[in-house]
Amino acid sequence: MIIVMEKDASAAQVAAVESKIRSHGLDVHVSRGTERTLIGAVGDERKLDPEMFDTMEGVEKSMHILKPYKVVAREWHKANTVVDAGGIPFGGRIVQVIAGPCSVETDVQMHDAAAGVRAGGARLMRGGAFKPRTSPYAFQGKGIEGLKLLKDAAASHALPVVTELMDVRMLDAFLEHGVDVIQIGTRNMQNFDLLKAVGQVQTPVILKRGMSATISEWLMAAEYIAAGGNHNIIFCERGIRTFETAYRNVLDVTAIPVMKRETHLPVIVDPSHAGGKAWMVPALSCAAVAAGADGLLIEIHPTPKEAWCDADQALTPAEFATLMVQLGAVARAVGRDL
Ligand code: PEP
Ligand code: MN
C-alpha cells in the first residue's frame, strides 16, 4: 500500500503514519520528493485498508498496489488453472458445454433432457432442484427429490451434474447425493456465509456473476471460496442489469477477456439467462466462444413451451444439436475445440 502525504504534511504526521504501518507488522519505505512524501507499506498489505489512513492528519490519499484477490488473481499464478469438474476439464483447450433444463420437473422430462444433452455433445448436465424465483408463489423446485431425478437421468448417459445451492443447510445433502458441481447463482454471489461454506469442501463451484456486480466484487466473492481452501472455482458470466429492457440482461462479452486477464481460473458463459429468449442463445453462445470463454451453460428442454421455469429461453434438443455444430466451427476458428 502507498500513502501519499499532503504537500505541507509535518514530520510528526509522517511519523504517525509510519508507526501505524509498523503496528500492523509491516515495514516502511519513505520516499521524500520535492512536492510530496510517499510512504510505502512493505509486507502483507492485506492487513491494511485505505480507510485506516485516509482519516489521518496530513494524508492526502492511500491505495493498495496489489490486487486484493490473491488466490484467484493471475498476478500470483500465471498459468491457466484447469478445474476438474466431475472428470471434465475446464480451462484447457476444449470449450466445455453444460446443458439441461432450468429446473428439474419430472422423471420423463429429465431422461429426455439427458438424452438431448448427450446427443448434442455436451459433457455435463444441469438442472435446478432448488430454484431462486422472484415470486414466492412460483414453482420453487423439487428439492431433494429433484437432486435424485437429476442424478438418475444424468447417470443413464454418464453425465456429471451441475445444480444450484441456495442454502448452506443443504450442502450436506448435495454432497450425499453426489452433486458433481455446485452452482452459486447470481442472487447469492455475495452470500458470504454460503461462499465460506462451499470453500470448506473440494466440490467444484460455478460462481455466477451477481446481476449488478463489478468484476472486482465478483473476483472478491471467489476469493471467499478460495480462502477456505477450495480453489476449484469456475466463473460464469450470465448477463448484467443495465438500462436496456429489450432483453433479460446484457451479456457482458467484455468481461470474458478481462476476467481471463485477471484470473487464472476458468470463465464460462450462460447465454440463456443473458438474453432470456431462445432465439438469442446461438448468437450469444458464438460470441462467448469467440471472446475466449472456456465453456457454456445452456438451458435446453425436451418441450420448451411446457417448461415450468424459463420456458422462453430453452432450446429444443434439435436446436441445441445444431448450435453445437456451429460452436465447434467457432471454437476451431479461435484455436480451441468443442
Ligand atoms: C439458473 O442457472 O437456473 C439461474 C437461476 O441462473 P442465475 O442465477 O444466473 O439467474
Ligand atoms: Mn433458468
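How many of the 338 residues of the chain count as buried? The figure is 51%. Keep in mind that this is a predicted model. The chain has 11 helices and 14 strands, and its C-alpha trace spans about 75 × 45 × 35 Å along the principal axes. Let's start with the ligand, then stop at a few residues elsewhere.

**Around ligand 1**

- Ligand 1 takes up the space of the largest pocket.
- The residues that surround ligand 1 include Arg126, Lys131, Pro132, Glu164, Gln183 and Gly185. Also in that group are Thr186, Arg187, Lys208, Arg238, His273 and Glu299.
- Sort that shell by class and you get seven charged residues, four polar ones and one nonpolar one.
- Arginine 126 has a polar side-chain atom 2.8 Å from an oxygen atom of ligand 1.
- For glutamine 183, an N or O atom of the side chain is 2.9 Å from an oxygen atom of ligand 1.
- On its own, ligand 1 has 300 Å² of accessible area, and the protein covers 97% of that.

**A closer look at arginine 126**

- You'll find arginine 126 in strand E8, which runs over residues 124–126.
- Is arginine 126 buried or exposed? Its relative accessibility is 3%, so it counts as buried, the cut-off being under 20%.
- Besides the ligand, arginine 126 has protein partners to look at. A polar atom of its side chain lies 3.1 Å from the backbone oxygen of proline 101.
- The side chain of arginine 126 also makes a polar contact with the side chain of glutamate 299, at 3.4 Å. Glutamate 299 is itself one of the residues around ligand 1.

**Two buried loop residues**

- Alanine 129 sits in the loop between E8 and helix H4 (144–155).
- With 0% relative accessibility, alanine 129 counts as buried, because buried means under 20%.
- Threonine 263 belongs to another loop, the one between helix H8 (255–262) and strand E13 (267–269).
- Threonine 263 has a relative accessible area of 0%, so it goes down as buried too.
- A polar atom in the side chain of threonine 263 lies 3.0 Å from the backbone nitrogen of leucine 265.

**Two positive phi angles**

- Alanine 158 has a phi near 55°, a positive value in a residue other than glycine.
- Where is alanine 158? Look in the loop between H4 and strand E9 (161–164).
- Alanine 158 counts as exposed because its relative accessibility is 60%, and the cut-off for exposed is over 50%.
- Aspartate 310 isn't a glycine either, yet its phi is positive, at about 55°.
- To find aspartate 310, go to the loop between strand E14 (295–299) and helix H11 (317–333).

Terms used:
Residues numbered from 1 in each chain as written. Chains lettered and ligands numbered in written order. Predicted model: local features only at pLDDT ≥ 70, side-chain atom pairs only at ≥ 80, totals over all residues. Heavy atoms only, no water. Near = heavy atom within 4 Å. Polar contact = N/O pair within 3.5 Å; in protein donor to acceptor, adjacent residues only side chain to side chain. Areas by Shrake-Rupley, 256 points an atom, 1.4 Å probe, with all protein chains shown as cover. 1 Å grid on protein atoms, 1.4 Å probe; cavity = no way out; pocket = protein on both sides within 12 Å on 5 of 7 lines; lining within 4 Å. Sits in = over half its atoms within 2 Å of the grid points. Nonpolar A, V, L, I, M, F, W, Y, C, P; charged D, E, K, R; others polar. Helix = DSSP H or I, 4+ residues; strand = E, 2+ residues; numbered from the N terminus. Buried < 20%, exposed > 50% of the residue type's maximum accessible area, 1.4 Å probe, protein only.
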